Amino acid sequence: MTSVWQKRLQTLRYVVGENPLSLAAFLLFAAFVLLALVGPSIAPFDALASNVGAPLSPPSLAHWFGTDSLGRDILSRVIIATRLDLGIAVAAVGISCILGGLAGAFAGYFGGWTDRIVGRLSDTIMAFPLFVLAMGIVAALGNTVANIVIATAVINLPFYIRVARAESSVLRNAGFVEAARLAGNSEVRLLFHHIIPNILPPMTVQISLNMGWAILNAAGLSFIGLGVRPPAAEWGIMVAEGAQYIVSGEWWIALFPGAVLMLAVFCFNLLGDSLRDLVDPRRRT
Amino acid sequence: MSQLLEAIDLVKRFPVRVKGRKKLLHAVDGLNFHIDAGETVGLVGESGCGKSTLVRLLTRTLDITDGHVRFRGQGIGLIAARAMADHPLRREIQMVFQDPTDSLNPRYTARQTIAEAVCLLTDTRGTAAIDSAVEEAAAHVGLPPELLDRYPHQLSGGQKARVGIARAIVVKPRLLVLDEPTAALDVSVQAVILQLLDRLKREMNMSFLFVSHDLNVVRLLCDRVMVMYLGQIVETGPAREVFARPLHPYTRALIASLPGGHGNDADLLVGGDPQSPIDPDAHRCRLFGRCPRGAERCETQFPPLREISRGRSAACHFVAPTEGDVYVDAALALHQIDVDPARRATVATEFERLASMATLVQAVPLPDDSLPAPQYRP
Amino acid sequence: MSKLPTSATAIAAAFARGEVSAREISAATLARIAERNPALNAYTEVTAARVLAEADVLDAARRRGEPSLPLAAVPYAVKNLFDIAGVTTLAGAKLLAGNPPANADAALVARMQSAGGLLTGALNMDALAYGFTTENTHYGATHNPHDPMRTAGGSSGGSGAAVAAGLVPIALGSDTNGSIRVPASLCGIFGLKPTYGRLPRTGSFPFVHSLDHLGPLAACVEDLALAYDVLQGPDVADPACAQRDIETTTEALQCGLEGLRVARLAGYFDDHAGPLARAASRHAAQALGSRGDIELPEVDAARAAAFVITAAEGGALHLAALRERPEDFEPLSRERLTAGALLPAAWVSRAQQLRAWFREQALIAFCDVDLLIAPATPVSATLLGQETMDINGRILPTRPSMGLLTQPISFIGLPVVVAPMWIDGSTLPIGVQLIAAPWREDICLRAAWALQMAGVTAR
């Protein structure tokens with residue numbers, strides 16, 4: 001079925017070509033993914049090695065981003081952190097999206113008890129200030145990367161549940177759903193083949209916004225000392241470490257990780273719009 | 001067993017809340033009818049009469065409240081709507097929807113939409129066999145094969161309608177229900193799709209149940225027509241005859257309101273709102289209050305649907321077999337001409353037409369001694 | 001290739017002068033039929049062998065120096081309810097398709113042959129002659145030569161189309177309620193329905209004994225008169241034939257309108273005619289020096305009575321077949337015939353009485369006029385398959401309503417010639433009926449001749 005892939009490639013090219021911003025977003029995304037994948041190999045210095053340069057030295061030709069208090073090269077640490085931060089975000093959002101999406105879709109479609117249970121779960125989560133809840137979960141389960149992922153996933157569930165449930169309960173009355181029943185689709189098959197594919201467009205926007213939020217969340221937890229422990233390289237920790245030095249004039253320690261963090265969030269937000277165009281055939285002509 | 005589908009005392013009630021009290025909406029209220037193999041039956045009624053509900057009861061996408069539905073002798077009324085998708089009879093009853101745009105999954109190409117039914121409801125397997133079935137159905141509905149790989153938003157209204165029809169017929173159902181298949185289309189496209197349906201009706205050996213609010217369309221395409229009002233069937237008969245000689249006051253009103261000067265203005269419904277389908281009065285005719293013929297009996301006694309003459313039924317106290325009907329039945333028997341109910345109804349209508357011509361002749365006063373023109377010449 | 005003469009009169013004259021052989025004419029005619037008939041579906045049978053055989057006989061007779069015949073070498077065709085020796089008489093019906101071929105020619109066919117005519121074949125018609133549009137489900141519809149999407153009229157649709165398309169100059173048809181006049185009107189040619197009882201019906205398949213007429217159709221008045229004169233004459237084998245002497249008309253044509261009192265029929269004949277038909281009627285009236293409009297009484301009742309008699313006698317004729325072989329009938333007419341067969345005798349009898357009375361009223365009118373004019377059809381040719389038409393704001397079923405204006409006239413057996421007219425701005429022809437008192441076909445033909453000479457009937 002090479003023609004299908006050709007068509008997909010064509011649409012990709014079209015969507016990307018139509019809007020220069022989406023081109024920028026894709027390129028940036030590609031850059032981040034590349035960094036995440038091959039970062040360790042291209043980083044000039046070992047991210048964990050101390051005293052590869054003079055501590056607290058400003059950006060220079062040898063160290064583009066300068067060095068931190070332990071003499072570690074900040075550029076290398078930023079590059080290495082990409083893998084961790086992106087990894088956490090992807091994993092958290094992935095789990096959240098799949099579990100929340102499925103729960104919401106089932107709840108919106110079947111209604112009744114399924115809807116009530118899922119609704120209560122979602123309400124419970126939403127009752128807490130989400131960041132505090134995340135803090136609580138990590139504190140309770142332990143300070144590991146895995147737990148950051150779980151915590152981030154849990155606090156994002158309500159968003160996916162809400163979107164999926166709303167879309168699904170509208171779609172269950174659509175004509176093509178009834179038509180699909182007549183074509184022999186059982187209720188479950190209907191959900192997976194007809195309802196869920198059609199709720200993907202609004203979900204993908206949510207996903208990509210969430211990615212930015214999840215990165216921020218992980219960075220935030222690390223910033224306050226929960227989650228990632230030193231000496232691991234992670235944008236949040238690096239901003240935390242650099243925060244104390246801003247007053248004394250060593251601005252580069254917090255700025256560069258912060259800037260890259262901001263760029264990553266910006267990139268995912270832009271990506272959300274482009275992804276929706278890619279996934280929703282109606283937006284194309 | 002030539003009856004393909006039979007509905008017996010079919011009932012569907014929806015629970016509703018009116019001003020905080022629980023009540024029942026009688027959407028379909030005790031229907032009795034049948035559809036024979038190879039027949040095209042029209043179902044006519046205004047919006048809100050329950051036709052859409054009835055259609056969903058028959059295609060089993062909605063559970064029935066009471067009564068029976070039999071398909072080829074087998075009871076299908078008790079099959080839960082949710083379980084129907086997996087039932088072997090699913091492929092035998094298919095439907096074409098009113099809004100072609102709404103009834104197509106926007107993420108499926110036309111080919112995928114049509115192929116899905118083949119994959120799920122038939123034993124056809126393998127890309128080649130499935131594609132061939134899809135293309136055959138597309139050819140039947142006049143959809144060019146190039147359009148099969150397009151998405152719904154890339155197709156015109158008429159093309160989408162064709163996809164909807166192709167999907168329904170690809171599994172070769174015995175009964176095809178069409179729920180106002182042209183209502184959402186432009187007038188010019190409507191004519192084309194109706195011609196297509198007419199051709200399909202003649203080419204494929206399917207029974208059609210054609211639901212419409214447009215009596216003109218039903219008259220042209222259908223063998224028999226059922227007229228529905230507020231959840232009940234008020235008249236049935238061969239389509240041409242019901243149109244030419246409507247019996248029930250509601251049918252007469254429908255025809256009188258058609259543009260083109262059919263029927264009598266005296267037949268139009270008199271003012272007043274239709275009765276509510278919520279907890280209706282069981283001892284009163286549903287048309288009472290709007291019927292130009294209403295009398296005391298209509299308010300106290302419910303008129304059941306009964307056979308007026310062979311092939312014609314009506315639910316009204318004031319419709320009775322005419323002398324013409326009785327005469328035709330007796331004369332056909334005398335001449336030993338055996339005709340089925342539909343043909344008998346047509347003969348009766350033609351006879352009425354000739355009778356009215358004879359009345360015109362009788363009305364001319366002739367001198368008492370007038371003789372007919374001599375014919376026999378020795 | 002020299003241009004061969006096309007009109008019957010010209011062909012007979014050219015043959016007599018030795019300018020052309022019957023063989024040439026017949027070969028050219030067969031070629032024309034082969035080329036144009038498939039699009040029209042006018043013929044159900046082409047009798048090629050017979051044409052050539054008859055042509056050879058004529059050529060041989062001429063070589064022997066025998067005197068020339070009035071229709072020598074003139075090709076013609078007949079509606080397929082006429083018996084043709086060796087051909088099964090179909091009458092447009094699937095019902096009769098299995099019958100053995102006819103033993104002998106119909107009386108009128110024999111007369112055409114004796115006059116030198118070359119029989120090219122049998123023409124399509126409405127099944128059992130019950131129809132006004134020749135939309136025959138078994139043998140196919142016949143198409144109007146002026147617009148293939150439209151009907152050629154009926155029930156002698158094949159006759160109308162064959163002459164209008166120039167396949168043959170003369171065709172024979174039958175007219176019970178309008179079946180010669182409607183095709184003549186819709187195809188834009190001349191047609192003659194003679195007085196009831198003038199031409200013998202021996203050897204033709206009947207429809208309604210009380211109302212059946214046979215007659216010719218042609219593209220010009222001289223051909224029509226020529227054919228009519230050949231067809232005239234008593235025949236004792238037909239009890240309905242009046243056994244009158246031959247009263248030739250070809251020489252009388254020159255008299256034109258001399259001394260004729262002309263009036264136009266209004267009332268019913270305007271109410272049931274569309275704007276084009278009324279325009280044609282007025283235009284013809286003006287060209288013929290009409291003195292004004294007159295009305296006949298109770299025309300609606302007359303038409304109704306014609307309907308009743310048609311249904312009763314037509315139904316009775318086919319009663320056995322309706323009982324035993326209903327599936328071989330056209331669905332549209334089958335139930336109508338059945339209902340007709342059940343009509344009480346008192347109603348049919350009353351209709352016959354009305355007929356006598358209405359004839360009296362018409363004869364009273366003919367004391368003051370010699371010729372009456374009315375449109376032949378309410379509208380020009382309708383589309384094949386068209387179910388309804390709008391006549392002055394009333395929606396009427398197309399097929400039965402096409403004969404609204406012809407039915408009351410044939411009901412009382414008056415002679416009628418239909419002359420075609422092309423009204424300004426119309427792409428389709430429409431005919432007018434030129435009606436005279438019984439046995440005065442000569443007056444109808446003279447009026448038609450006058451219209452033709454004045455150019456009124458030209459395109």
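## A tour of chains C and A

Select chain C of this predicted model. Find the open sheet: 11 strands in the order 1-3-2-8-10-9-16-17-13-11-12, with mixed pairing. Strand 1 (43-46) and strand 12 (293-294) of chain C are the edge strands, and each pairs on one side only.

Now select helix 5 (residues 157-164) of chain C. This helix packs on the sheet. Strand 1, strand 2 (75-79), strand 3 (118-123), strand 8 (170-175) and strand 10 (213-218) of chain C are the strands that helix 5 touches. Compare directions: helix 5 makes about 155° with strand 8 of chain C.

Move to helix 7 (residues 221-231) of chain C. It lies across strand 8, strand 9 (190-193) and strand 10 of chain C. Its angle to strand 10 of chain C is about 145°.

Stay in chain C and show strand 13 (residues 371-375) with strand 17 (residues 430-436). The two run antiparallel, joined by five bridges. Pick C:Leu371 there: its bridge partner in strand 17 is C:Ala436.

Switch to chain A. Select helix 7 (residues 175-182) and helix 8 (residues 187-223) of chain A. They pack at about 140°, and their axes are 11 Å apart. The two helices are therefore oblique to each other. Their crossing is right-handed.

Show side chains at this contact. From helix 7 of chain A come A:Phe176, A:Val177, A:Ala180 and A:Arg181. They meet A:Leu190, A:His194 and A:Ile195 of helix 8 of chain A. Colour these contact residues by type: five are nonpolar, one is polar and one is charged.

Definitions and conventions: Residues numbered from 1 in each chain as written. Chains lettered and ligands numbered in written order. Predicted model: local features only at pLDDT ≥ 70, side-chain atom pairs only at ≥ 80, totals over all residues. Pairing = 2+ DSSP bridges. Helix = DSSP H or I, 4+ residues; strand = E, 2+ residues; numbered from the N terminus. Contact = placed C-beta atoms within 7 Å. Axes fitted to C-alpha atoms, helices over the stretch in contact; angles between N-to-C directions. Parallel < 35°, antiparallel > 145°, perpendicular 65-115°, else oblique. Left-handed = near helix turned anticlockwise from the far one by under 90°. Nonpolar A, V, L, I, M, F, W, Y, C, P; charged D, E, K, R; others polar.
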